[in-house]
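Take a look at the fold below.

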Amino acid sequence: MSSTFEPERWAEDMMRETYRATTREIAHRHLDAGDPLGWFEALYAQAGDDTSIIPWADLKPNPNLLDWLNQNGPGGSGLALKVGSGLGDDAEELARRGFETTAFDISESAIALSRSRFPDSVVSYVVADLFVAPIEWKARFGFVLESYTLQVLPPSLRAKAVRCIASFVAPTGTLLVIARGREPSDPEGNMPWPLTREEMSFFEAHGLKEVSFEDFMDSENPSVRRFRATYYRKP
Ligand SMILES: C[S@@+](CC[C@H](N)C(=O)[O-])C[C@H]1O[C@@H](n2cnc3c(N)ncnc32)[C@H](O)[C@@H]1O
């Protein structure tokens, strides 16, 4: 089937590719210098108010989260934590659905931008590093959301990141993880590095039980292979 050339769409795609390349360049500069976490603040600070250069800044909640919430519907009460909250849209959605929500990001600029985007927000926005998070967050949250942070951490940091994320889930609590997915035989590729199913299974080594695991092509254009997994902590 022949497809029609759409100049506006083409220009948007080209622009997006340019921003992705800039992001990778900033990331690799830090990664090569042995600083795998420094590039997030560098990118947000460079962006300032022009969030269009941040590849993941859709300025709306993640559709794969919305779909999951609509189907599984936890909401109405309880403490929720959003890991790597970026510009705050997912955290705002959790708060809108009734969760008492804390959202954290390693980037001060991202947190400042979230607060300024949502001046009347009830979300508690916190600058924190996943790897040295406040001790009082341990086993505190009935709902923990991790979407798209693991995939921007180098694979060498994943096992530790998984342990830290799992530690936030309260007894009987739920963890939802959404990430790019790949087969172990596929190349690791460029950042964002897709996860393997085995990497996802590390959550089960930290007292969590897998309740569902979905492997699907999402609705982006071009569509992306995603894993969406739900875990439960026993009482
Ligand atoms: C790919 S972005 C995704 C942001 C958001 N979840 C979204 O989907 O729009 C990953 C986010 O994780 C944050 N991040 C990366 N490493 C982190 C760490 N160690 N602790 C807390 N946040 C981190 C980054 O600053 C960035 O905002």
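I178 has R228 in β7 as its bridge partner. Strands here are DSSP runs (E, at least two residues), and helices are runs of H or I with at least four, numbered from the N terminus. β7 (residues 225–233) runs antiparallel to β5 (residues 169–180), and seven bridges join them. Two strands count as paired if DSSP finds at least two bridges between them.

This is a predicted model: local features need pLDDT of at least 70, side-chain atom pairs need 80 or more, and totals for chains, interfaces and linings use all residues. Residues are numbered from 1 along each chain as its sequence is written, and side-chain values use heavy atoms, without hydrogens or water.

Now widen the view. The open sheet has seven strands in the order β3-β2-β1-β4-β5-β7-β6, with mixed pairing. β3 (124–127) and β6 (208–217) are the edges; each has a single partner strand, so one side of each lacks a neighbour in the sheet.

Next, the ligand. Which residues come nearest to the ligand? They are Y44, G84, D105, D129 and L130, out of 19 around it. Near means a heavy atom within 4 Å. The shell holds 12 nonpolar, four polar and three charged residues. Ala, Val, Leu, Ile, Met, Phe, Trp, Tyr, Cys and Pro count as nonpolar, Asp, Glu, Lys and Arg as charged, and the others, Gly among them, as polar. α2 (38–47) and β2 (100–105) each supply at least two shell residues.
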